[in-house]
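Please read them with the structure open.

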Amino acid sequence: MTLPEHPIDTPPRAPSPVHRFGTLAVHAGSPHDPVTGAVIEPISLSTTFAQTSVGKPVGEYEYSRSSNPNRDNFERAIAALEHARHALAFSSGSATTATILQSLASGSHVVSVSDVYGGTHRYFTKVALTHNVKVTFTPSIEIDIAELIRPNETKLIWIETPSNPTLSLVDIRNVATVAHQHGILVVVDNTFLSPYVQNPLDHGADIVVHSVTKYINGHSDVVMGACAYNSDDLHQRLSFLQNAIGAVPSAFDCWLAHRGLKTLHLRAREATKNATAIAQALEASPHVIAVNYPGLPSHRHHAIALKQHRDGMGGGMLSFRIRGGHEAAERFCQETKIFTLAESLGGVESLVEVPGAMTHAGIPREQREIAGVFDDLVRVSCGVEDERDLVADVLQALEKAVVGAGAGKKGGNGVNGTA
Ligand SMILES: *Cc1c(COP(=O)(O)O)cnc(C)c1O
């Protein structure tokens, strides 16, 4: 191994805010090791750090739950990619949500879009309430916001854009303008697009939340979460809770997720390209009733995508209604050869699922259908395989599921997954 001649004199290569996304993804929070010159940071597994005298640690670390090198570096990278001053990492996206909700005083009120991630809905309705934090859900937040705000009580607005699984968009700026007139914070769950496609803080949000499990890690092998924001006051409150509640990710997971993040721009571009091709093929198919993809000009909120997403990109997620009802939706998911029938999203491998029977099975049918989650809805997470192979796979599965009804394999094995 040859070390650089003056490794310690090598100026830190921390990218400045003027660098573009790909440069930040690769370099933010990734300093060379000042002693060995290692280009990739080591995994620091030590839970505790030596002190030379009482209260005088050798370096900046004392105990790994409070902070450690791998988490710090990952958090720096997230802050850079979300155009934030601060970021915090948690053991899951759900732990991130829980910690933000825990920061609210008892008696606080929250307004949320109705179409939130199932686990977020569960936390809002079953856990937050026990801390006397009440949540009002609305399917049309841009219209209702002013009238749903309760003076002195409403502290937080919760937005997911695009929504899951119908890919509806919310104009963040419109909601934030009203919220800020009342001193209310706006949180945006940006999991479905990743910071490559959308930066909610640039559109007026105060906190951006991610399930890192999805696009940021991107390889379906880490469960983790993160949030980012600019306010120093928020940073004090949330980092206190991060340490006090202790729902923190391991050093190894931080290292893995940081490795994943370095290729986010490549993966997000490829996933968008694939999703666009699949959405177009689906829209042209006689076997499809409707396609939800924000990148299509036919999408009801395409104008918001053009305003809010990088280059009007649609991201890697889409959903569609298949002809032939729930049976056809299930058959489609069993007939794909490249797409795996599974929950989750945002990995390099393409996935399909039937939300009505899987991720959203816990919601009563009438409520689901109002939100557009019909039994014949199929959700697709596009990976980074070859576009032509993916389109061909979708078309052959459609043909078998709709035309060849009854002729295909139909066991029902594993279709009814957990919520
Ligand atoms: C998966 C997901 C979450 C929850 O994240 P976990 O890491 O599974 O706890 C939150 N929001 C959205 C939009 C998600 O897709």
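The points below cover the domains, their interface and the nonpolar cores.

1. Basis. This is a predicted model, in which local features need pLDDT of at least 70 and side-chain atom pairs count only at pLDDT 80 or more, while totals for chains, interfaces and linings use all residues. Residues are numbered from 1 along each chain as its sequence is written, and side-chain values use heavy atoms, with hydrogens and water left out.

2. Domains. The assignment gives domain 1 (21-261) and domain 2 (264-407); such bounds come from an automatic or database domain assignment. Their C-alpha centres are 27 Å apart. Domain 1 puts 34 residues into the contact and domain 2 puts in 36, where contact means heavy atoms within 4.5 Å.

3. Buried area. The two domains bury about 3,100 Å² between them, 58% of it on carbon and sulfur atoms. This is the accessible area (1.4 Å probe) lost on putting the two parts together, summed over both. Leu169, Tyr196 and Tyr215 supply 25% of the area that domain 1 buries against domain 2.

4. Salt bridge. One salt bridge is counted between the domains, the term meaning a side-chain nitrogen of Lys or Arg within 4 Å of a carboxyl oxygen of Asp or Glu. Asp171 forms a salt bridge with Lys307, with the closest N and O atoms 2.6 Å apart.

5. Core. The largest nonpolar core has 77 residues. The term covers buried (under 20% relative accessible area, 1.4 Å probe, protein chains only) Ala, Val, Leu, Ile, Met, Phe, Trp, Tyr and Cys residues joined through side-chain atoms within 4.5 Å.

Note on methods:
Buried < 20%, exposed > 50% of the residue type's maximum accessible area, 1.4 Å probe, protein only.
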